[in-house]
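I am opening a notebook on this structure and will write down what I look up, entry by entry.

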Amino acid sequence: MQLNPFSKQDTNSSVPEKTLDEKAASIREATVEDYIEDDSTANEFGHGNASFMSAYFNVTCVVAGTGTLGLPKAFATGGWLGILILILAWAMACYSGIILIRCLYAKPGKRLHDYKQIGKAAYGWFGYCCAAFFHFLNLFGCPALYLVLASGNMVSLLEGQSSVLTQTHWVIIWGAFLLIPLILFRTLKEVTIISSIGAICTMMAVFIVMIQGPIYRNSNPDKEVHLDGVIWPGFPSALSTIAFSYGGNNTYPHAEHALKKPHQWKWAVTAGLTTCTALYFMTAVPGYWSFGSAVESPIYNSLPDGAAKMIAQIVMTIHVIFAIPIYACSFSLEFERFSKCDEQHIGKVFAFLGRAVIRIVTIVILCVLAIFVPYFDAFMSLIGALCNCSLVFLIPILCYLRLTGVRNKPIYELAFCALTLLLGIVGCVFGSWDAIDELIEKFQADAAQ
């Protein structure tokens with residue numbers, strides 16, 4: 001019978017005094033909670049000194065944001081069924097975020113570093129390649145999408161002014177600006193203040209949409225608003241957009257590793273995702289109710305011109321710009337570890353120079369992607385379907401069951417895992433198909449002009 005490496009069933013058994021060898025073996029078989037609840041033991045894995053609030057704001061800033069802006073459009077695609085999908089996605093994302101970190105400690109006495117190593121530990125090199133593909137696609141796709149949104153917002157905000165800067169110019173400007181925190185801040189602990197500002201900006205935008213949308217509908221009672229209960233053909237696209245709204249799993253290992261008390265992770269990720277879900281409901285429901293099937297993504301494009309729309313654009317631009325360093329820093333930390341670009345191997349000065357080069361190249365790649373893929377809504381659907389459905393709903397479940405066993409799980413947990421896998425497959429396959437078709441249509445339409 002395969003034992004669950006995370007269970008504590010044998011830790012308090014009444015047995016005679018153990019020998020030193022038996023005690024050592026018992027320590028090696030301890031669970032992840034046993035390792036990380038003791039601060040002195042947690043230092044064995046090199047954990048940082050970040051607080052609970054640091055992890056909470058990192059989760060909130062990475063997960064919330066552009067997902068908030070696209071959810072009213074997801075409801076317009078799938079109807080009010082989106083409420084049920086959103087609740088399910090929240091539960092699945094919380095479960096996924098917790099078991100993903102448990103997988104890091106699957107090998108007794110050792111902590112895996114990142115998402116890719118989890119895939120390798122579970123399924124060998126095939127698992128490593130699959131996890132690495134989706135992992136890097138997400139780490140570059142999401143921040144590139146944020147650059148698209150931020151630069152587009154700047155063009156919109158300065159429309160009618162004497163500025164001659166195009167969206168491409170703003171992508172380059174924002175990329176240069178982002179190099180400052182990326183080079184100065186070494187780990188995710190240092191970007192906590194940035195992530196907290198981003199989370200506050202998201203909340204401000206949510207309140208603007210929640211108030212301004214219903215005001216607009218009530219002030220225009222003659223304007224027809226079409227609402228649907230369920231739109232089955234649009235279900236995969238709605239699911240992929242909602243999946244995008246819970247992306248961030250591949251940054252979780254770094255956020256957890258920065259915690260001084262890693263046993264707080266499950267509470268930090270649950271609190272962060274619950275906050276995001278509350279913000280999603282506060283945006284999606286009034287946004288869809290106010291504008292119906294005509295709602296746009298991002299949602300503030302549906303708001304009437306005025307101070308409210310301008311403030312929403314400004315604060316969301318601040319949010320997405322402050323979220324990019326979290327993704328870029330996560331990738332840089334992994335590459336620096338892989339290339340041994342640290343003070344221990346090459347000294348303090350060369351480690352700083354090497355880190356600067358790696359992060360400059362990272363920003364350059366993001367800017368190139370943002371310049372050549374300028375379609376926010378279709379790009380978001382593709383990233384959500386292809387990457388986030390895999391990273392949130394598929395890979396963590398498959399790796400967790402592989403590393404910890406199936407027979408030792410209660411039937412209700414296995415049923416929940418099966419439902420998560422089913423939704424992940426539907427969103428990944430059909431959502432990607434729809435998003436690619438939409439991108440092709442937009443590229444063809446631009447080429448024909």
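Predicted model: local features only at pLDDT ≥ 70, side-chain atom pairs only at ≥ 80, totals over all residues.

Entry on C130. I then checked where C130 sits, and I found it in helix α7.

Helix α7 covers residues 115–157, and I looked at how it meets helix α8, residues 167–184. Two packed helices are described by the angle between their axes and the distance between the axes. I noted both values: the axes of α7 and α8 come within 8 Å and cross at roughly 120 degrees. That angle makes α7 oblique to α8. For the hand of the crossing of α7 and α8, I wrote down right-handed.

How do the axes of helix α6 and helix α12 cross? I read off roughly 160 degrees, with the axes coming within 9 Å. Angles over 145 degrees count as roughly antiparallel, and α6 and α12 are therefore roughly antiparallel to each other. I marked their crossing as right-handed. For reference, α6 runs over residues 82–104 and α12 over residues 265–291.

Entry on A50. Is A50 buried or exposed? I found a relative accessibility of 6% for A50, and the limit for buried is under 20%, so A50 counts as buried. I placed A50 in the loop between α3 (39–42) and α4 (52–63). I also looked up the pair A50 and E256, which are 206 residues apart along the chain. The C-alpha atoms of A50 and E256 are separated by 9.0 Å.

Which residues make the nonpolar surface patch? I listed I346, V349, F350, F352 and L353. The patch has an area of about 480 Å². I asked which helix gives the most to this patch, and I found helix α15, residues 348–372, with four residues.

Entry on F352. I picked F352 from the patch and confirmed that F352 is found in helix α15. Its relative accessibility is 36%, so F352 counts as partly exposed.

How values were computed. Residues numbered from 1 in each chain as written. Heavy atoms only, no water. Patch = residues over 30% accessible without salt bridge, like charges linked within 9 Å, V, L, I, M, F, W, Y side chains within 5 Å. Areas by Shrake-Rupley, 256 points an atom, 1.4 Å probe, with all protein chains shown as cover. Salt bridge = Lys/Arg side-chain N within 4 Å of Asp/Glu carboxyl O. Helix = DSSP H or I, 4+ residues; strand = E, 2+ residues; numbered from the N terminus. Buried < 20%, exposed > 50% of the residue type's maximum accessible area, 1.4 Å probe, protein only. Axes fitted to C-alpha atoms, helices over the stretch in contact; angles between N-to-C directions. Parallel < 35°, antiparallel > 145°, perpendicular 65-115°, else oblique. Left-handed = near helix turned anticlockwise from the far one by under 90°.
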